[in-house]
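Hi everyone, thanks for coming.

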Amino acid sequence: MSTKTTNEFGGEFGGVTLLGKAHSLSALFIVLLRATIGGMILFAGLGKVSEWPFDAAGYLANVDPASPVSGLYAAMASSPALMEIVNVVVPVTQLLIGAALIAGAFVRLAALGGAMQMTLFYLGGWSGEALALFDSTLVYAIVFLTVAAFGAGRVLGLDAYIERFEVGGQALVEKFPKLRYVLG
C-alpha cells in the first residue's frame, strides 16, 4: 500500500483559508471511524430494544438542575404521551443511525442524527462543573460530525453507489443536487 500524501482538502472559514493534505491511510481510518461510531450507536439501540420496554423518563426526570435542559427534560418526563414517543424514537433512531453508518448509506443524514442525539445527551448529562464540560458524549458528537464532513459513505460505503444511481439517464445527485447533503 502506498503511503504517499495525495488527497487535498480545505476551505475558508471566517476569512481564514485552511488547507491540508491527507495521508493515503486517511481513507482507511475514516472507514474505521464510521464503522466504530456506527457500531457504538447500533449496540446502544440494541441494548435498549433487548431490555424492552425502554423508558427514558427516569433519565429525563433526574437531570442535574445545573443542566441547561433540566426544566425541559423534566417537563418531557412528566408527559406520558410524549414519553411514549421518546421511548420508541430513541432506540429506533439509534438502530437506524448505526446500520446506516456501518453500511455507509445516507451517512451525512445518519451522522447528523447521531450528533444531535449525542448533543442532547451531553446537555442532559452536564452538571455545570467546568471539568464536566468535555465528556464522552461531546466527543461522540464531534466524531459523528467528522464522519459527515469527510463524506465517509463514499469510502467503502453504499453512498458511492447511491449517488451514481441513474434516474432518467442522470446520476441521482446530478438530478437531485440537494441529496449531497444527506449522502456522502
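A word on ground rules. This is a predicted model, in which local features need pLDDT of at least 70 and side-chain atom pairs count only at pLDDT 80 or more, while totals for chains, interfaces and linings use all residues. Residues are numbered from 1 along each chain as its sequence is written, and side-chain values use heavy atoms, with hydrogens and water left out.

So, confidence. pLDDT is the predictor's confidence in each residue, from 0 to 100. The mean for the protein chain is 87, and 96% of its residues reach 70 or more. Elements here are DSSP runs numbered from the N terminus: helices are H or I with at least four residues, strands are E with at least two. Where pLDDT is low, the predicted coordinates should not be read in detail.

Next, the record. An unreviewed UniProt entry lists residues 27–46, 95–118 and 138–156 as "transmembrane region"; UniProt positions are given in the numbering used here, feature names are shortened, and annotations may be inferred rather than shown by experiment. How does the model look over residues 27–46? That span is 100% helix and 0% strand, with its end C-alpha atoms 28 Å apart. Residues 138–156 are 63% helix and 0% strand, and there the end C-alpha atoms lie 27 Å apart.

Now the largest pocket. A pocket is an open set of points on a 1 Å grid over the protein atoms alone, where a 1.4 Å probe fits, with protein on both sides within 12 Å along at least five of seven lines; lining residues have an atom within 4 Å of a point. The lining has 23 residues, and V86, V90, Q117, L120 and F121 lie nearest the centre. Helices α2, α3 (70–77), α4 (80–103) and α5 each give two or more residues to the lining, and α4 contributes the largest share, 8 residues.

Y59 sits in helix α2 (residues 57–61) and F121 in helix α5 (residues 107–125), so the contact ties together parts 62 residues apart in sequence. Y59 is partly exposed at 37% relative accessible area, and F121 is partly exposed at 24%. Buried means under 20%, exposed over 50%, and partly exposed in between, with a 1.4 Å probe and protein chains only.

Finally, the backbone. The peptide bond from W52 to P53 is cis, with omega near 5 degrees, and P53 is in the loop between α1 (26–50) and α2. F106, in the loop between α4 and α5, has a positive phi of about 55 degrees although it is not a glycine. L156 also has a positive phi, near 50 degrees; L156 lies in the loop between α6 (136–149) and α7 and counts as exposed at 75% relative accessibility.

Thanks, and I'm happy to take questions!
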